[in-house]
Amino acid sequence: MYLIISGTNRVDSNTIRVAQQYQVLLNKKQIDSKLLSLEGLNVLERNPDFIKVENEFLIPAQKFIFISPEYNGSIPGVLKCMFDISDVKKAWAGKKALLTGVSTGRAGNLRGMEDLTGILHYMRVIVHPDKLPISIVDKLFIGPNIVDKSTLTAINIQLDEFIDF
């Protein structure tokens, strides 16, 4: 199973919109996926709600797609906290990940994706080399859909490579 993780807890974020677009594109490729939003998830301590998420989403997943916004040049703390309270061996080790960074600026969270790569490598996750920075994310949508053709092409190429990875 593929698990798309929207790496922020902000409500109505561009990150969740990009994550939903990835899920639509995977469905068109006949790839089964689930979407995990961190909105409302308490990741400050291991608790019954988190353990349920871990058992339902993280442990069964074999491939992860992280959509991570730029927070102060890195990843959101809520995403890091999720890693810190999870069972690394069961949830992450030996699995594969694809990274996409999003920002309203021009760098598309390049630095954050490098930080995230280091964290994932430490947890023994194999990271696909095609990390996609999506810049000016707030200008790419009309309604729920990304309409920028070059962005859609880049995402589709990235997904096709990850499916074969």
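## Aromatic pairs

Rings of Phe, Tyr and Trp (its six-membered ring) pair up if their centres lie within 6.5 Å, with planes under 30 degrees apart called stacked, over 60 edge-to-face and the rest tilted. This is a predicted model, where local features need pLDDT of at least 70, side-chain atom pairs count only at pLDDT 80 or more, and totals for chains, interfaces and linings use all residues. Residues are numbered from 1 along each chain as its sequence is written, and side-chain values use heavy atoms, with hydrogens and water left out.

Searching the whole structure turns up seven aromatic pairs. In one of them, Phe66 and Phe83 have ring centres 5.8 Å apart and planes at 65°, so they sit edge-to-face. Phe66 belongs to strand S3 (residues 63-69) and Phe83 to helix H3, so this pair ties together parts 17 residues apart in sequence. Helices (H or I, at least four residues) and strands (E, at least two) are DSSP runs, numbered from the N terminus.

## Helix H3 against H5

Over in H3, Leu79, Lys80 and Phe83 meet Leu116, Ile119 and Leu120 of H5, contact being heavy atoms within 4.5 Å. Sorted by class, that contact has five nonpolar, no polar and one charged residues. Here Ala, Val, Leu, Ile, Met, Phe, Trp, Tyr, Cys and Pro count as nonpolar, Asp, Glu, Lys and Arg as charged, and the others, Gly among them, as polar.
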